[in-house]
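Hello,

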Amino acid sequence: MSQQGYVATPPYSQSQPGIGLSPPHYGHYGDPSHAGSPPGMMKPAGPLGAAAPGGMLPQGPSPPGPHQFGQNGAHAQGHLPQRFPGPPPVNSAAPSYAPYSPSTQSSYPSPASTASVTQLASQLNAMHINSYGTGMAPPGQGPPGPPSAPLFQGLPRPPQPSIMQPGSQVLPPPPTALNGPGASPLPPSTHRQDALPGPAPLNAQYQPPPLPGQTLGTGYSPQQASYGPQMAGGQLSYPGGFPGGPAQMAGPPQLQKKLDPDSIPSPIQVIENDRATRGGQVYATNSRGQVPPLVTTDCVIQDQGNASPRYIRCTTYCFPCTSDMAKQAQIPLAAVIKPFATIPSNETPLYLVNHGENGPVRCNRCKAYMCPFMQFIEGGRRYQCGFCNCVNDVPPFYFQHLDHIGRRLDHYEKPELSLGSYEYVATLDYCRKNKPPNPPAFIFMIDVSYSNIKNGLVKLICEELKTVLEKLPKEEQEETSAIRVGFITYNKVLHFFNVKSNLAQPQMMVVTDVGEVFVPLLDGFLVNYQESQSVIHNLLDQIPEMFADSNENETVFAPVIQAGMEALKAADCPGKLFIFHSSLPTAEAPGKLKNRDDKKLINTDKEKILFQPQTNVYDSLAKDCVAHGCCVTLFLFPSQYVDVASLGLVPQLTGGTLYKYNNFQMHMDSQQFLNDLRNDIEKKIGFDAIMRIRTSTGFRATDFFGGIFMNNTTDVEMAAIDCDKAVTVEFKHDDKLAEDSGALIQCAVLYTTIGGQRRLRIHNLSLNCSSQLADLYKSCETDALINFFAKSAFKAVLHQPLKVIREILVNQTAHMLACYRKNCASPSAASQLILPDSMKVLPVYMNCLLKNCVLLSRPEISTDERAYQRQLVMTMGVADSQLFFYPQLLPIHTLDVKSTALPTAIRCSESRLSEEGIFLLANGLNMFLWLGVSSPPELIQGIFNVPSFAHINTDMTTLPEVGNPYSQTLRMIMSIIQQKRPYSMKLTIVKQREQPEMVFRQFLVEDKGLYGGSSYVDFLCCVHKEICQLLN
C-alpha cells in the first residue's frame, strides 16, 4: 500500500465488546452460520409490523399478475427495453378497472373552466390527512382527542412556523385527523403512512378555523383563471364527485371551500424532520440495506463497508425478490452513482491500494474486484465471490490466516476488505496500448467573431485565463500541475498558436481548410504553463488586438472540436477542450447548421425533433472524441437561437459541461461566467474513463443515463468524469433474489488522474431483498426516484410525444401508490388517499417534473432553453435534481443576524409570501431576491444601502457590500447555498407587482402553472382519481 499506516477510523481501531464474537456488520459475509437477519434489522411479523388483516397477497391467492398492474399494459408482455413504450393500446387494460384511454383524458389537469375549478374546490374541501402507523400506541393510550375526533388519531404535529412571520411558532391544534401530517416520534424504520380522506358530505366534518397566519399574504390575491392558453389535448374534468364520494357534490357548491394546503404533505416538513432526527450525526455504513439521511441533511458519513451515499444513492434500499413483485409495485430499481463526488474535509478521503505488478485481486469468473463481500474459506487459501459465488484461489502474495470467526487477520488493515470505497493503482494491462498514459492537456478555443470582439468577451476571457492558468489542478503531493495547455482562436478559419518557451513572440498558423482539419504544429502547441508563462501572457494580451478590426461574423463549430481532438491524438494524451462560442455555426463546413426554431411544432407529435441534433455529424464526432479521451466543455453566449440540441451533443456525450449565458452583458453577467470558468478548471476530474457495474446473481444493470457513451451493453465510456456528474443506472431481475444474501452492486471506474496515473475507483453497496412489498416501500428514497424519472423521461423526449410521456409518469405514480394502498395499507375508506411514509412527497415532486419546461412547453421559454435544461438534468446527482425541481425558498426578513444557520425554508407557493417580507429563492441555476411592496425600510437600507423600496435598482446582479450585519448575513447565506452547486447562480432582484415577477412565479412550483400545469392540490386529486380507477 502506498499510504503508510492505514488506520481505519473507529470503531475499527478501538476494541469493541463483541468484535471477534459476532459476525461483521455487512449482512452475511462473515460466518455462514449466522445467516439470520442482519443485526439491527427486525423482521416485522406481518406486512406492517403487526399481523395486518387482509395481509400480503403473495401467501394467499396468486398475486395480481403483470396484466393487472402493468404500466397501462405496457409491461404486460415481459421486459420491454424502454420505460416509455409509446401510447399504450387502449384495449390492453385489464378488466379489473375502467379502460384508461389517453386520447380522451389528459392525465394532466389543466386550467379548466371556472365551473370545474369551483367544482373541484367543493370536492376538495373535505380532504384532510391523518397519519397513523401500526407501530403506535394501541387505541386508548394515544393522546385523548376531542369527542368529535374521527376514528384514526393523528399525532399532534410539532409547532409549525406560520406563514406571515416564519420565525414565530403556532401552537398545534387539538389532535384530530385534520392536523396531519405530523412528525412521527417513531424511529425512521417504523412503518407509517399518510392518508388523505376523500370528500364527505359538507356538514359531516369538523372544519377547524385557519391557524393564525395561514391566510393568504395580505393584499396578494390568489391567482384566478388567467392562465393563458390551454394545454393541447383533452382536459381532465371531474364528473360528479370522486369515486366513492357523494354525487350531490357535482353541482355548484353551497360553500366555497378549498383544501387547506397545510393539510397535505409538505416537502419542507419532511426535510426538516429528517434534519431534526439525523442532522449533525455520524452515519456509519456498516449494515446492509439501510436508508441514508436525505440529501438535504448534513451529517458525517463513516465508511464501514458500504459506499457513502455521497457516491451512490438508490431508489429503494430493499429490492423485491422476484420480477413479478417488481412489476406489481412498478417502483424503478435504480442507483444514482456519482463516482467522483466531493467529500467534505471532515470525512476520510479514499485510500489508495497498490499491489505493484500483481495488480488488484479479482474473481476469475465475473471479474469483480476484491471487496468486503468476498468470503475467505479453507484457512484463507481460497475465497468465494459474493457476486457470482465462484470459489477462487487466493494469490500467494495476498495470503493471510483467518481468525476464529473466519475473518482475515489483516481485515482492518486492508481498505478493500473493510471499506465500501477505495482506489487501486492500475497496472499496464489497464492502459491503452499497454503503456502508461501521458498527463492530460487543456486546450482553450476562443470564438473571435465580430460580436465577441465588440462586446468585450474575448478580452474578458483572455484576461481571466492569465489568472486561472495559475490554478490548474495538480496531484496533492506535486508542486506544479502536470497538465499542458494549448490555444486556438477561430471564426470561419482556425488559428493555432505556437507558445514554445524559447520564443520571444507567439507564432500563429492559420488552417483554412475546415473540411479536413489537420494540426499544423506539434512542438510548441501543447506546453507546460510554468515554462511558457511569458509567451502565453504575451499571446493573451495580443489576441483581442489581433482581431480588433475583423468583421467576420460567420463561425464554424464541428471543425473546432475536430482540431482539438486531433491535437490530443497527436500528443497521445487525453484532455479537455474549453470552447467559448456564441452563434449558430452557419459557415460552410462540416456541422453547419440552419435556424430550425419552429414554434409551430410545439404540442404536436413532431415536437421531439426540436430536441434531436440537426445532423449526425455531431454524433460521430462525439464517438471519436470518446475514443481518444477528448472531453468537451462549452461556454455558450447566445443572443439568438444557436441550436443547443445540436451544439450540446458533444459536451453531453463526452462527459463535459454546457454553460449558457443568454444575451451576455459585460457589466451584468461577467461574474457568473468567471465563477463558472474558475470552478470548472479547478474541479476534481478523471480522464479517459470506463465504468462497469457488476451485480450479484439474480439481477443486472440494463439502462444507463448520463454524460456517457456506450459502444456495447456493459461498458459505460466517458472521455472524462468530474465531481458533479452522476450516472443513473436501472436494474432488472433476471432470476429470483434471496432474502438472506441480499443484492450486491459494485461500480468500478478505470480512469487517468490529472497527474497521468491510471487508477481504478471502486464503490460497493449491499441492499436488502424481501418478498414483502411493505419492506420495498419502507426503504424508498423519493429524491432518487425523481432523479430517475426525470432522466428516463428526458431521454424519452427524443423519441416520444410529450403528452404520452406525461401520461406515463402520472400513470406510474398512480400505480406505485395504488399497489401500496392495495397490498400494504391498513383497511380504510375507499375515498382516502393513502401515501407510504417514504413517498409522502412523491406527488408534489412528480408534479414539479411534469411542469418543467422540457415536458410542458411554455410560450416564453425558448427551444434552446428547453434543450439546455434537458441536458443539465441528464448528468445531475440527487442533491442537484432535488433543488432543481423543488427550489429552496427562504424568508430573509426574519433573519437572525447572530446565527450562522440558514433560516428554515418555506413551501414554494405564492400564498407563503407576504408584502412585508423579503424572500430568497434558489434552484441551482437561478437565484431570486423577491421584495414585498411593504418590505421594512431598515432591511432595504441594510441590504441595498438605499432609503426605500422605490430606490432599489433591480438591474444589479450582485448585492452591494454594505458593512452591516443584515448585508453580511444575507451574502453569507447566498454563498453557502452557492458553494455546493455546480453552476454559478445569477441573482435577479424582483419587486412585487412588477413585470419580472412573472419569471419568478414559475418557480413557485406548488401553484398552478401560468401556461398549464396543475397546482400541487389539483395534481394530488388527479393522482387520487387515477388510483381509485386502478383499484376499482
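**What was found**

In strand β20, the bridge partner of Phe444 is Phe578. Please keep in mind that this is a predicted model.

β15 and β20 (residues 575-581) pair in the parallel sense, over six bridges. β15 also pairs with strand β16 (residues 484-490), again in the parallel sense, and here over seven bridges. On that side, Ile443 has Gly486 of β16 as its bridge partner.

How many of the seven residues of β15 are buried? Seven of the seven, so the strand (residues 441-447) is largely enclosed by the rest of the structure. Ala441, Ile443, Met445 and Asp447 point one way from β15. Phe442, Phe444 and Ile446 point the other way. Residues of both sets are buried.

Next, the nonpolar cores. The largest has 202 residues. Phe487, Phe673, Leu929 and Phe944 touch the most other members. Helix α16 (residues 802-823) gives this core its largest share, 10 residues.

Setting aside neighbours within four places in sequence, Phe673 is in contact with Leu460, Ile461, Phe580, Phe635, Phe637, Tyr661 and Phe664.

Now the aromatic rings. A search of the whole structure gives 35 aromatic pairs. A pair of rings is described by the distance of the centres and the angle of the planes. Two pairs are picked out here.

- Phe340 and Tyr751 form an edge-to-face pair, 4.7 Å centre to centre with 85° between the planes. Phe340 is in the loop between β9 (334-337) and β10 (352-353), and Tyr751 is in strand β27 (residues 743-752), so the pair ties together parts 411 residues apart in sequence. Both Phe340 and Tyr751 are buried.
- Tyr661 and Phe673 have ring centres 5.7 Å apart and planes at 75°, so this pair is edge-to-face. Tyr661 is in the loop between β22 (658-660) and α13 (666-682), while Phe673 is in helix α13, 12 residues apart. Tyr661 counts as buried, at 2% relative accessibility.

Tyr661 and Phe673 also belong to one aromatic cluster. Its members are Phe580, Phe635, Phe637, Tyr659, Tyr661, Phe664, Phe673 and Tyr983.

Which charged end sits over the ring of Phe340? That of Arg761, 4.4 Å from the ring centre. The charged end of Arg408 sits over the ring of Tyr398, 4.4 Å from its centre.

Last, two backbone angles. Most residues other than glycine have a negative phi. Asp688 has a positive phi, near 50°, and is not a glycine. Asp688 lies in strand β23 (residues 685-695). At 11% relative accessibility, Asp688 counts as buried. Asn945 is not a glycine either, and its phi is positive at about 60°. Where is Asn945 found? In the loop between α20 (937-944) and α21 (965-979).

Best wishes

Conventions. Residues are numbered from 1 along each chain as its sequence is written. This is a predicted model: local features need pLDDT of at least 70, side-chain atom pairs count only at pLDDT 80 or more; totals for chains, interfaces and linings use all residues. Side-chain values use heavy atoms; hydrogens and water are left out. Buried means under 20% relative accessible area, exposed over 50%, partly exposed in between (1.4 Å probe, protein chains only). Helices (H or I, at least four residues) and strands (E, at least two) are DSSP runs, numbered from the N terminus. Two strands pair if DSSP finds at least two bridges between them. A nonpolar core is a set of buried Ala, Val, Leu, Ile, Met, Phe, Trp, Tyr and Cys residues joined through side-chain atoms within 4.5 Å. Contact means heavy atoms within 4.5 Å. Rings of Phe, Tyr and Trp (its six-membered ring) pair if their centres lie within 6.5 Å; planes under 30 degrees apart count as stacked, over 60 as edge-to-face and the rest as tilted. A charge sits over a ring if NZ of Lys or CZ of Arg is within 6 Å of the ring centre and within 35 degrees of the ring normal.
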